Amino acid sequence: MTFSAADHAAMARALQLAARGLDTTSPNPRVGCVIVRDGTTVGEGWHARAGEAHAEVHALRQAGAAARGATAYVTLEPCSHFGRTPPCADALIEAGVARVIAAMEDPNPLVAGRGLARLRASGIAAAHGLLAEAAQELNIGFVSRMTRGRPWVRLKVAGTLDGKSALDNGVSQWITGPAARRDGHRWRARACAILTGIGTVREDDPQLGVRDVPCERQPLRILVDARLEVSPQARILQGEPILIATGSTDQARIDMLRAAGHEIVFVPNAAGKVDLGALLRLLGERGINELHVEAGFKLNGSLLREGCVDELLIYLAPMLVGDAAQGLFNLPALTRLEGATRLDIRDLRRIGPDLRLIARPLAQG
């Protein structure tokens with residue numbers, strides 16, 4: 001189907017609306033809807049929280065009788081199954097819309113084309129593919145979970161222009177400026193969960209919450225602690241309970257942490273450390289769409305080596321600290337450049353005095 005300039009404008013608006021749920025829809029996808037009749041927008045809506053009305057329902061309520069004969073632009077294929085709410089495909093049919101354009105098909109196997117098929121069977125002209133790439137990027141974690149069974153992993157690092165994350169004595173606060181740190185908290189806020197390692201907890205004692213930007217839903221905090229070495233006084237154990245991934249069977253430590261309300265998951269690899277791939281699959285089963293990682297160079301390296309990183313969020317400060325300082329990733333030494341991890345830079349911009357790069361590892365071979 002050929003889409004007009006008006007179609008593009010309406011879908012762009014629907015994507016803007018969907019982004020209003022960026023920090024709140026987890027584990028559901030972010031969805032926006034615009035209803036247009038005779039060239040005039042008669043209804044708009046977006047999905048705000050799981051369990052609440054979907055975008056189409058909000059837009060139809062606003063449109064009222066004007067929805068009959070109109071075109072509905074939806075950033076994700078309308079659902080066709082009963083979940084916490086009734087099927088949106090049925091709501092569109094009952095409202096009498098004449099045309100439905102979805103940016104992309106729903107990757108959820110419970111939908112996967114069935115919503116559009118139901119609309120067509122009811123005589124509604126239904127199509128998809130308009131601004132599909134933008135829609136997929138908006139819900140990249142949801143797509144990852146539905147198609148791969150694991151969350152989209154975004155690894156955030158902050159370093160100097162010579163690629164160092166901390167001085168040789170461990171001092172790292174603060175390499176980047178306030179604007180970059182605030183931007184980092186925006187990325188924390190959109191994630192379903194934030195993960196760190198025991199090394200970072202020992203060195204920096206982070207609380208790992210969202211502080212510098214408005215956030216009505218704090219992400220789940222996850223600690224990778226193979227030997228359950230976390231101190232009971234660690235700041236990460238304060239506030240809401242956390243999830244701790246371990247390879248340890250120290251029952252006394254497990255009982256102590258569970259008594260404090262924390263959840264322990266046993267995911268050991270052959271070496272007795274944490275099986276990171278297994279942990280990601282477990283998080284996918286729990287509805288985690290986007291996983292934001294802020295860890296030390298050892299865990300960063302392990303995640304990269306094991307193919308667990310989908311995206312790098314890199315902040316670089318305009319300073320040089322010398323070769324003896326700690327690097328960003330603990331990766332094995334190379335003798336050939338063919339073994340390097342190649343990246344696709346997706347975005348590069350200045351945040352205050354610092355630089356921010358968003359890059360994705362390229363497939364090897």
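Helices are DSSP runs of H or I with at least four residues, and they are numbered from the N terminus. In this predicted model, cysteine 88 belongs to such a run, helix α3, which covers residues 88–95.

## Overall architecture

The protein contains eleven helices and 16 strands. Its C-alpha trace extends over about 70 × 45 × 40 Å along the principal axes. The radius of gyration is 23 Å, which agrees with the value near 21 Å that a compact globule of 365 residues would have.

Of the 365 residues, 51% count as buried. Among contacts with a separation of 6 or more, 68% are accounted for by residues 24 or more positions apart.

## Surface and charge

The accessible surface of the protein amounts to about 16900 Å², and 52% of that area belongs to carbon and sulfur atoms. The side chains include 43 positive and 39 negative groups. The centres of these two sets lie 1 Å apart.

## The annotated site at His54, Cys79 and Cys88

An unreviewed UniProt entry carries the annotation "binding site" for His54, Cys79 and Cys88. These positions are spread over 35 residues of sequence, yet they cluster in space, with a largest C-alpha distance of 9.4 Å. Histidine 54 is placed in the loop that runs between β2 (40–46) and α2 (55–63), whereas cysteine 88 lies in helix α3.

Cysteine 88 has a relative accessible area of 1%; because buried means under 20%, this residue counts as buried. Apart from neighbours within four places in sequence, cysteine 88 is in contact with His54, Glu56, Val57, Pro78 and Cys79.

Aspartate 204 is part of helix α8 (residues 198–204) and is partly exposed, at 30% relative accessible area. Glycine 296 occupies the loop between β12 (290–293) and α11 (297–305); its relative accessibility of 26% makes it partly exposed. Lysine 298 is located in helix α11 and counts as exposed, with 56% relative accessibility. The C-alpha atoms of lysine 298 and asparagine 330 are 5.0 Å apart in space, although the two residues are separated by 32 residues in sequence.

## Backbone geometry

Serine 26 and proline 27 are joined by a cis peptide bond, with omega about 5°. Proline 27 sits in the loop between α1 (5–18) and β1 (32–37).

Two residues other than glycine have positive phi values. For leucine 131, phi is near 55°; this residue lies in the loop between β5 (125–128) and α5 (132–138) and is partly exposed, at 28% relative accessibility. For aspartate 205, phi is near 50°. Aspartate 205 is found in the loop between α8 and β9 (220–224), and its relative accessible area of 27% places it in the partly exposed class.

## The loop between α8 and β9

Glutamine 218 is also located in the loop between α8 and β9, the loop that holds aspartate 205. With 42% relative accessibility, glutamine 218 counts as partly exposed. Residues up to four places away in sequence aside, glutamine 218 touches Gly209 and Val210. Its C-alpha atom is separated by 13 Å from that of leucine 195, a residue 23 positions away along the chain.

Key. Residues numbered from 1 in each chain as written. Predicted model: local features only at pLDDT ≥ 70, side-chain atom pairs only at ≥ 80, totals over all residues. Heavy atoms only, no water. Rg over C-alpha atoms; globule rule 2.2 N^0.38 Å. Buried < 20%, exposed > 50% of the residue type's maximum accessible area, 1.4 Å probe, protein only. Contact = heavy atoms within 4.5 Å. Areas by Shrake-Rupley, 256 points an atom, 1.4 Å probe, with all protein chains shown as cover. Lys, Arg positive; Asp, Glu negative; His and termini not counted. Charge placed at Lys NZ, Arg CZ, Asp CG, Glu CD. UniProt positions renumbered as here; feature names shortened; annotations may be inferred.
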